[in-house]
Amino acid sequence: MTVLVRPQAPLTARWATLLWLLAVVAGVAESVVGVIGAVRDDVPMGSIAAQIAIRALVYGGLFVVIERYFQHGVRWSRYLLAGLLGTVGTASLVIGPIGWLLDHDLGSIDWSAQFVLTALLRSVHLTAVITALVLTFHPETNRWFRRNAKTA
């Protein structure tokens with residue numbers, strides 16, 4: 001009897017998987033902090049609920065792509081993650097702070113607990129995305145995805 005076993009993912013692909021997951025977790029955590037701030041600021045519950053629904057769909061979908069496809073070497077998943085998280089996601093993480101800096105100076109930062117926590121989570125999120133993106137297209141990861149395409 002012949003048993004086919006997929007080759008184990010290289011370290012670069014395993015780390016990329018963990019970092020994509022970390023990026024999603026950091027995004028969820030940042031969303032929770034944002035919802036707490038929105039509730040404190042009396043933002044209408046309908047607006048908050050709509051944001052939660054959209055983010056739940058996006059983060060849930062990304063988790064499924066990472067867990068079920070990317071970590072198993074399905075080629076299209078890395079292009080989807082690179083396109084969504086690597087470009088659109090990165091832009092959404094930096095546009096807000098850049099826009100704020102254009103209208104304010106660093107002396108006007110409100111060093112509240114919410115600001116510090118959001119800045120920390122956003123830094124983790126952005127670092128995870130950029131590092132995962134690099135590892136996703138590392139030569140070892142490329143070879144692994146090519147091998148999986150031939151055995152799938």
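**Ground rules.** I number residues from 1 along each chain as its sequence is written, and my side-chain values use heavy atoms, without hydrogens or water. The model is predicted, so I ask for pLDDT of at least 70 for local features and 80 or more for side-chain atom pairs, while totals for chains, interfaces and linings use all residues.

**Entry 1: the core.** I looked up the largest nonpolar core, which has 21 residues. A nonpolar core here is a set of buried Ala, Val, Leu, Ile, Met, Phe, Trp, Tyr and Cys residues joined through side-chain atoms within 4.5 Å. Buried means under 20% relative accessible area, exposed over 50%, and partly exposed in between, with a 1.4 Å probe and protein chains only. Trp20, Leu62, Ile66, Phe70 and Leu81 touch the most other members. I then checked which helices contribute. At least two residues come from each of α1 (11-40), α2 (45-69), α3 (75-103), α4 (113-136) and α5 (139-151). Helices are DSSP runs of H or I with at least four residues, strands are runs of E with at least two, and both are numbered from the N terminus. The most residues come from α1, which gives seven. In soluble globular proteins, nonpolar side chains tend to be buried together.

**Entry 2: α2 with α3.** Setting aside residues up to four places away in sequence, Leu62 touches Val24, Leu81, Leu84 and Leu85. Contact means heavy atoms within 4.5 Å. From α2, Leu62, Val65, Ile66 and Tyr69 meet Trp76, Ser77, Leu80, Leu81, Leu84 and Leu85 of α3. I sorted these residues into nine nonpolar, one polar and no charged. For that, Ala, Val, Leu, Ile, Met, Phe, Trp, Tyr, Cys and Pro count as nonpolar, Asp, Glu, Lys and Arg as charged, and the others, Gly among them, as polar. The two axes come within 10 Å and cross at roughly 150°. Axes are lines fitted to C-alpha atoms, for helices over the stretch in contact, and angles run from 0 to 180 degrees between N-to-C directions. The pair α2 and α3 is therefore roughly antiparallel. Angles under 35 degrees count as roughly parallel, over 145 as roughly antiparallel, 65 to 115 as roughly perpendicular, and the rest as oblique. I logged the crossing of α2 and α3 as left-handed. That label applies if the near helix is turned anticlockwise from the far one by less than a right angle; clockwise is right-handed.

**Entry 3: α4 and its partners.** The axes of α3 and α4 come within 10 Å and cross at roughly 150°. That makes α3 and α4 roughly antiparallel. Their contact splits into eight nonpolar, five polar and two charged residues. For α1 and α4, I found axes within 8 Å, crossing at roughly 155°. So α1 and α4 are roughly antiparallel. Their contact holds 17 nonpolar, nine polar and three charged residues. I noted a left-handed crossing for α1 with α4 and for α3 with α4.

**Entry 4: Val33.** I picked Val33 in α1. Val33 has 11% relative accessibility and so counts as buried. Beyond four places in sequence, Val33 contacts Gln114, Leu117, Thr118 and Leu121. Its C-alpha atom is 9.3 Å from that of Phe115, 82 residues apart along the chain.

**Entry 5: Asp42.** I ended in the loop between α1 and α2, where Asp42 sits. Its phi is near 60°, a positive value in a residue other than glycine. Asp42 counts as exposed because its relative accessibility is 66%.
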